[in-house]
Amino acid sequence: MIKKYLERTITFVKSHKRFTLFITASFLLNLFLLLQRKNEKTDFITCSTYDKGMLGTYGLYRDLEDRGVPVKRIKLPIFKEIDPENDRRKTLVILSPRFRPHIWEWSIIMDWVANGNRLITSGMLGPKKRGWIPEYNFYTATSNVPAAESYVILPVDTIFPYDDTLAKLSQIQRSPIFGQIYKAVDSVQIKHFKHFSPDVLPFITHYNKPTAVKKAVGHGEWIAFTEINPFSNSVLREPSWYRFATRLFTGDDWFGGKSILFDEFHNGYRATKSFWQLLTYYQFNTGIIYLCILVLLYLFLTGIRIIPPVPERIHVHRDAIPGMRALAGLLITFGAWKGLLRREAAIIRSDLLKRDTKEPVEMEELLDRYLSRRKMPREVKSKEELAAIFKKVESGISFKDKNETLKIFNIFMFMRKEMRA
């Protein structure tokens with residue numbers, strides 16, 4: 001089977017050399033572009049540390065990096081980057097991911113946090129699937145409230161050691177909602193927390209609605225924001241929000257100086273170290289789409305025919321059995337024995353003449369040709385008797401005896417088989 005398909009492929013390549021060259025060149029070009037493409041660039045809005053747009057976190061990441069904080073971008077699945085058994089005092093940041101972690105990933109993350117690490121999330125309050133793990137999720141609601149400043153509420157000193165410029169009851173000058181400036185008369189829609197358990201402590205409110213909380217998870221903590229990204233490039237232009245963000249990431253002595261991991265894997269960025277890894281990630285589907293578009297464009301412009309045309313007239317192999325049955329039915333129904341015998345006699349005469357002459361030939365001469373190479377039918381004793389039968393049939397004399405008719409028919413069938421042998 002493989003050999004057969006290989007032969008077909010070779011035949012196609014030989015007969016369509018230009019088309020094969022075009023397809024090969026297009027594939028290699030797409031492969032080259034994919035291998036050279038850098039994952040740091042994106043055309044869609046994300047909260048990624050690569051994104052320099054309104055909601056991106058590029059500014060915060062570069063600031064922490066310049067300060068000497070050990071920051072790292074995660075481009076591999078979570079279970080390949082964190083160690084729930086040995087990691088301590090590290091921070092994992094997941095900001096409104098495009099692909100929300102599944103339940104099994106969430107379980108790994110929570111085990112890692114409970115072992116003495118910190119998780120910071122925004123715009124995401126649980127794993128991807130209904131029936132979330134109850135003890136690791138919050139209750140939220142959406143409300144329309146007047147535009148107002150956000151507040152850091154008491155007891156802030158038990159959460160973070162803020163500097164002296166940020167008071168215990170502090171007003172943050174701009175809401176982190178999309179980083180926009182609102183007038184006092186404006187109304188905004190926000191998502192906020194509700195129904196707190198004893199291990200949850202709110203620490204940021206917007207118009208008396210809690211928008212950020214801290215939850216104790218084993219020996220670690222989970223800090224969750226309802227906003228899309230409270231650390232975006234646009235929000236951190238406000239000095240108060242910048243001071244808040246930097247103190248959040250670097251002000252706690254327990255987590256200070258330890259690794260801060262920004263999850264880019266769930267933002268759509270994947271580590272690609274080899275061609276085979278590239279095939280397993282989602283970026284390759286773009287190349288396939290480009291290749292298909294080029295192939296269709298080539299076919300449209302050149303009108304190339306890949307499959308050979310169907311012949312106009314297809315030879316149909318007729319089965320003789322149904323025809324013989326139909327003919328037998330007509331004979332039985334209408335008794336058309338005389339016509340059938342005359343037809344068979346005409347076929348035998350034509351075959352003996354070999355269709356090479358139009359001159360009349362006596363039946364005795366034709367039978368001499370037949371008997372010179374073929375056998376005499378068993379029902380006939382001599383050539384004269386056989387010639388008499390042919391003359392009688394060709395003259396149109398009817399046979400009243402059915403048995404005699406069948407006998408002559410069998411003689412003719414025997415002679416035809418002999419001539420076909």
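A residue is called buried when its relative accessible area is under 20% and exposed when that area is over 50%. The structure treated in these exercises is a predicted model.

**Exercise 1. The two sides of a helix**

Determine which residues of helix α11 (residues 363-373) are buried, and which exposed residues lie on the face turned away from them.

*Solution.* 
Step 1. The buried residues in α11 are Met363, Leu366, Leu367 and Tyr370.
Step 2. These residues span an arc of only 95° around the axis, and therefore they lie on the same side of α11.
Step 3. On the face turned away from this buried side, α11 carries the exposed residues Ser372 and Arg373.

**Exercise 2. The packing of α11 and α12**

Describe how α11 packs with helix α12 (residues 383-394).

*Solution.* 
Step 1. Two packed helices are described by the angle between their axes and the distance between the axes.
Step 2. For α11 and α12, the angle is about 125° and the axes are 10 Å apart.
Step 3. Angles of 65 to 115 degrees count as roughly perpendicular and angles over 145 as roughly antiparallel; α11 and α12 are therefore oblique to each other.
Step 4. The crossing of these two helices is right-handed.
Step 5. From α11, the residues Met363, Glu364, Leu367, Asp368 and Leu371 take part in the contact, and they meet Lys383, Leu386, Ala387, Phe390, Lys391 and Glu394 of α12.

**Exercise 3. Helix α3 and what covers it**

*Solution.* 
Step 6. Just after α3, Gly68 takes a positive phi of about 90°.

**Exercise 4. Two single residues**

Decide whether Thr205 is buried or exposed, and do likewise for Gly218.

*Solution.* 
Step 1. Thr205 is found in strand β8 (residues 200-206).
Step 2. Thr205 has a relative accessible area of 10% and therefore counts as buried.
Step 3. Apart from neighbours within four places in sequence, the contacts of Thr205 are Glu149, Ser150, Tyr151, Ile153, Pro210 and Thr211.
Step 4. Gly218 is placed in the loop between β9 (209-217) and β10 (220-225).
Step 5. Gly218 counts as exposed because its relative accessibility is 64%.
Step 6. Between Gly218 and Val113 there are 7.3 Å in space, C-alpha to C-alpha, although they are 105 residues apart in sequence.

**Exercise 5. The chain as a whole**

State how many helices and strands the chain has, and what share of its residues is buried.

*Solution.* 
Step 1. The chain has 13 helices and 11 strands.
Step 2. Of its 421 residues, 41% are buried.
Step 3. Among contacts with a separation of 6 or more, 69% are between residues 24 or more positions apart.

Key:
Residues numbered from 1 in each chain as written. Predicted model: local features only at pLDDT ≥ 70, side-chain atom pairs only at ≥ 80, totals over all residues. Heavy atoms only, no water. Helix = DSSP H or I, 4+ residues; strand = E, 2+ residues; numbered from the N terminus. Buried < 20%, exposed > 50% of the residue type's maximum accessible area, 1.4 Å probe, protein only. Arc of directions from axis to C-beta. Axes fitted to C-alpha atoms, helices over the stretch in contact; angles between N-to-C directions. Parallel < 35°, antiparallel > 145°, perpendicular 65-115°, else oblique. Left-handed = near helix turned anticlockwise from the far one by under 90°. Contact = heavy atoms within 4.5 Å.
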